[in-house]
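Follow along in the viewer.

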Amino acid sequence: MIEQQLYSVVLFLAGIVNLVMAAILLQNSYYYKDYPTYRRARILTALCLAVFGIGFFMHHCYQWRFSWPYAATALTVTYFHLGGTLLGDSHTSLLNPAYLNRSVALRDTIALASSIFIIWTGAFTDSIICIGLGISVFLIHIFYLVYIFYSTFFRVRDGLLEMKQGSVAQFVHWMLLSCHLIIGFGIGSIVFTALLPNAIWPYTLLLSVGSAVFIYIFYSLTEYGAVIDSATNATEDLAEKEIKSTRYEISTKH
């Protein structure tokens, strides 16, 4: 069937594109060893791209959408949850270098482990209740990460724009658009997968759009490297101001 063949080809190509971009980000991250926050963001984004690429290849190889819809849904939620968490943590930490710490990593690990365990239990037992619960845990966690990103973004945006250092303001717009796109792509894919587990054309269309989204994310993150000095100074200055402001508020209360 032509529709199924097109679906497989798009999956294969999208997987290659994602893995190539991940390899480029990982390889070039060495050059930013003096900028640990940005280097970590590149590595986390590369892992995000690799997770999606591997997920696409698994869909291509196993074709679960036609033989095991619950497993196809579980696989989709798994790489969206992993990838979305990695992307959210990487981009939020660019805005706030102090964001990603052990407690945040532990929180995300627990949420990921819970969602993946529940949804794959549902896949192996054909339990729609477990599938729904796993998707619910995924959505709650991802929406929380989205809230953290946007609240951080709007808190520091004005400060970054006021500093007018290099092209930091341009990157701020790139970052926001990247997150708009990945959120729209992610929610759209999960909704279509859940409502139409056996359909081909909606997922093929979303996958094609998703490839463009990932390319844009790759582009915006690499462009950040061109203004790394200005961006690093801006975010570190803002972080220092926030710390001083917090200390002042604490001291005035006492």
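Thr76, Tyr79, Leu87, His91 and Leu94 of helix α4 meet Tyr203, Ile217, Leu221 and Tyr224 of helix α8; contact means heavy atoms within 4.5 Å. The residues of this contact divide into 7 nonpolar, 2 polar and no charged. Here Ala, Val, Leu, Ile, Met, Phe, Trp, Tyr, Cys and Pro count as nonpolar, Asp, Glu, Lys and Arg as charged, and the others, Gly among them, as polar.

This is a predicted model: local features need pLDDT of at least 70, side-chain atom pairs pLDDT 80 or more, while totals for chains, interfaces and linings use all residues. Residues are numbered from 1 along each chain as its sequence is written, and side-chain values use heavy atoms, without hydrogens and water.

Now the geometry. Helix α4 spans residues 69–95 and helix α8 residues 201–224; their axes come within 14 Å and cross at roughly 20 degrees. α4 is therefore roughly parallel to α8 (angles under 35 degrees count as such). Helices are DSSP runs (H or I, at least four residues), numbered from the N terminus. Axes are lines fitted to C-alpha atoms over the stretch in contact, with angles from 0 to 180 degrees between N-to-C directions.

Next, the rings. The structure holds 20 aromatic pairs, with ring centres of Phe, Tyr or Trp (its six-membered ring) within 6.5 Å. Tyr216 and Tyr219 form a tilted pair, 6.2 Å centre to centre with 45 degrees between the planes; tilted lies between stacked (under 30 degrees) and edge-to-face (over 60). Because they sit 3 residues apart in α8, about one helical turn separates them. Phe52, Phe56, Tyr79, Phe80 and Phe214 form one aromatic cluster.

Technical notes:
Helix = DSSP H or I, 4+ residues; strand = E, 2+ residues; numbered from the N terminus. Parallel < 35°, antiparallel > 145°, perpendicular 65-115°, else oblique.
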